[in-house]
Amino acid sequence: DSYQSLLAHFRPRFLLGLTATPYRSDNRDLVGLCDGNVAYRIGLLEAISFGWLVPFRYWGIADVVTYAPDMLNSSQSAYDTTKLTLAYNTTERAEKVLIKFQDHASSAALGFCASIDNAKFMAAYFSRSGVPSLSVHSGPDSADRASAIRQLKAGVLRVLFTVDLFNEGVDIPCVDLVMFLRPTESMTVFLQQL
């Protein structure tokens, strides 16, 4: 809506739109803002082959959580966040994540969590284990985003655990590890976070 009001106000004769995330979770049409004109499109793997994006290695780790139908929401369309948080906020799972984190010698990482409580739990567990971490989220008790990123860049922090932040429009070049610590039903969200 903010784009629409801006474009209505200025009424550009020519509009150039650039985005790394053309597929949106709200299903709004970004290409329509530019009258359907697409000058250039490139996929993730092709951009990596051209050296425009950093190549990545992806490891899948067996979870200690058993994903059962009773963990779904009432409409059976997605996982219930409260149930996921209860299953995730365990020492056993946090320890497994910590061990896998330590296997990768990361100096700066992002951990995408299922909920605010899950992000807080993970940040506290990692910090107690000697890995300086913060939780950054939309709640009132979140660490300040800009300050947390500065601390991550400076090496004061090693991990930022977050919930649906840093998905798009974020560039933190020091990050060398991304941890997907929750399921997603959306390929768009997965690719944005990746």
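Buried here means under 20% relative accessible area, and the views below are drawn from a predicted model.

**View 1. The two sides of strand 3.** In strand 3, which spans residues 159–162, Val159 and Phe161 point one way while Leu160 and Thr162 point the other way, and all of these residues are buried.

**View 2. The strands that pair with strand 3.** Strand 1, residues 109–112, pairs with strand 3 in the parallel sense over 4 bridges, and within this pairing Ala109 stands opposite Val159. Strand 2, residues 133–136, also runs parallel to strand 3 and is joined to it by 4 bridges, with Val136 standing opposite Thr162 of strand 3.

**View 3. The largest nonpolar core.** This core holds 18 residues, of which Phe101, Met122, Phe126, Val159, Phe161 and Met179 touch the most other members. At least two residues of the core are supplied by each of helix 4 (91–103), helix 5 (116–128), strand 3 and strand 4 (177–180), and the largest share, 5 residues, comes from helix 5. In soluble globular proteins, nonpolar side chains tend to be buried together.

**View 4. The second largest pocket.** The space in this pocket amounts to about 180 Å³. Its lining is formed by Tyr79, Thr81, Leu84, Cys113, Ala114, Val163, Asp164, Arg182, Pro183, Thr184, Glu185 and Val189, and these lining residues divide into 7 nonpolar, 2 polar and 3 charged.

Key: Residues numbered from 1 in each chain as written. Predicted model: local features only at pLDDT ≥ 70, side-chain atom pairs only at ≥ 80, totals over all residues. Heavy atoms only, no water. 1 Å grid on protein atoms, 1.4 Å probe; cavity = no way out; pocket = protein on both sides within 12 Å on 5 of 7 lines; lining within 4 Å. Points joined across faces, edges and corners; volume = space filled by probe spheres on them. Nonpolar A, V, L, I, M, F, W, Y, C, P; charged D, E, K, R; others polar. Buried < 20%, exposed > 50% of the residue type's maximum accessible area, 1.4 Å probe, protein only. Pairing = 2+ DSSP bridges. Core = buried A, V, L, I, M, F, W, Y, C linked by side-chain atoms within 4.5 Å.
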